[in-house]
Amino acid sequence: MQLKKRSRSKKGIRNSSIERDNGTSPKVKKYWIQRYDLFSRYDEGIEMDEEGWYSVTPEEIAIKQAERCRGKVVIDCFSGVGGNTIQFAKVCSSVIAIDIDPKKVELAINNAMVYGVADNVDFVVGDFIKLAPSLKGDVLFLSPPWGGPMYNKVESFKMDMLQPIDGYSLFQIAQSITPNIIMFLPRNVDLDQLEELAWLSSPPLTLEIEENCVGGRLKAITAYFSYNAV
Ligand code: MGP
Ligand code: SAH
């Protein structure tokens, strides 16, 4: 496990080894147009890379998810460029933010500093699957890769399409830490499989499904699992 230090120049981290994409490539244009939905403080120094653009949780959704975790210790297991981490840091007692990609962690630190919340986060470069046995927290937030922006080309998104491991195995690992699990998933996810995750647990978990819209458009769904309401 590698804990990252939070230091940066006044106008954000300027480390040339990080491949940034602040809206210039055609692949991210569609997301760049939505930049203020993703980060309302985008113009204050937010930094992104390509995967960050198509994966970051829009701010309005991240705020709502974080509100459910107010006062808790949250582990953001796939923290990306920090869309969720920042909102957790505002209202949670502490946040552990893990990403396997060191570039993402650098970007997340920069972005958390833009929002003035980096001091409430322990940033970790590492593989959540390997780190899991050593982690402790009240709530686990899982927003893993969905296989890229083409996730919606199938009618029904199945648990085995999640990365880096299938959703059933990921959920089992998560449950070894806490029953309070939040999953951020594609809008075309198979809801029966989510029910199955809850039933397969012993004792069965409660499951609440939230549809996440921005500007009236369905973006994704959030599944809240717990013994009681998280
Ligand atoms: P989208 O469907 O690619 O964008 O992603 P949009 O603007 O709804 O495009 P449309 O043409 O389909 O209408 C919608 C949201 O899903 C993004 O803003 C991200 O928050 C989230 N998201 C997308 N992907 C590919 C991922 C992913 O791989 N992992 C995670 N955690 N979130 C993702
Ligand atoms: N919620 C984030 C987006 C997460 S995208 C946000 O709002 O910004 C999914 C992230 O999972 C990517 O950044 C990717 O680098 C990371 N990832 C993939 N495999 C991982 C693993 N085994 N452990 C930790 N992070 C991983």
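User: Which atoms does Thr57 bring up to an oxygen atom of ligand 2?
Analyst: A backbone N or O atom of Thr57 lies 3.0 Å from that ligand 2 oxygen. Keep in mind that this is a predicted model.

User: Which other backbone contacts does an oxygen atom of ligand 2 have?
Analyst: Ser79 has a polar backbone atom 3.4 Å from an oxygen of ligand 2. For Gly82 the distance is 3.3 Å, again from a polar backbone atom to a ligand 2 oxygen.

User: And how much of ligand 2 does the protein bury?
Analyst: 94% of the 590 Å² that ligand 2 exposes when taken alone.

User: Where does ligand 2 sit?
Analyst: In the largest pocket. Helix H3 (50-55) and helix H5 (83-91) are the elements giving two or more residues to its shell.

User: How many residues surround ligand 2?
Analyst: 22, and the closest are Asn84, Asp99, Asp127, Phe128 and Ser143. By class, the shell has eight nonpolar, nine polar and five charged residues.

User: Switching to ligand 1. Which residues are closest?
Analyst: Tyr31, Val56, Tyr151, Arg187 and Arg217, out of 20 that surround ligand 1. The shell divides into ten nonpolar, six polar and four charged residues.

User: Which polar backbone atoms contact ligand 1?
Analyst: A backbone N or O atom of Ser55 is 3.3 Å from a nitrogen of ligand 1. Pro144 has a polar backbone atom 3.0 Å from a ligand 1 nitrogen.

User: Which elements supply its shell?
Analyst: Helix H1 (29-32), H3 and strand S8 (217-226) each supply at least two residues around ligand 1.

Notes
Residues are numbered from 1 along each chain as its sequence is written. Chains are lettered from A and ligands numbered from 1 in the order in which they are written. This is a predicted model: local features need pLDDT of at least 70, side-chain atom pairs count only at pLDDT 80 or more; totals for chains, interfaces and linings use all residues. Side-chain values use heavy atoms; hydrogens and water are left out. A residue is near a molecule or strand if one of its heavy atoms lies within 4 Å of it. A polar contact is a pair of N or O atoms within 3.5 Å; within protein, one must be able to donate a hydrogen and the other to accept it, and residues adjacent in sequence count only if both atoms are side-chain atoms. Accessible areas come from the Shrake-Rupley method with a 1.4 Å probe; for residues, only the protein chains shown count as cover. On a 1 Å grid over the protein atoms alone, a cavity is a set of points where a 1.4 Å probe fits but cannot get out, and a pocket is an open set with protein on both sides within 12 Å along at least five of seven lines; lining residues have an atom within 4 Å of a point. A molecule sits in a cavity or pocket if more than half of its atoms lie within 2 Å of its grid points. Helices (H or I, at least four residues) and strands (E, at least two) are DSSP runs, numbered from the N terminus. Ala, Val, Leu, Ile, Met, Phe, Trp, Tyr, Cys and Pro count as nonpolar, Asp, Glu, Lys and Arg as charged, and the others, Gly among them, as polar.
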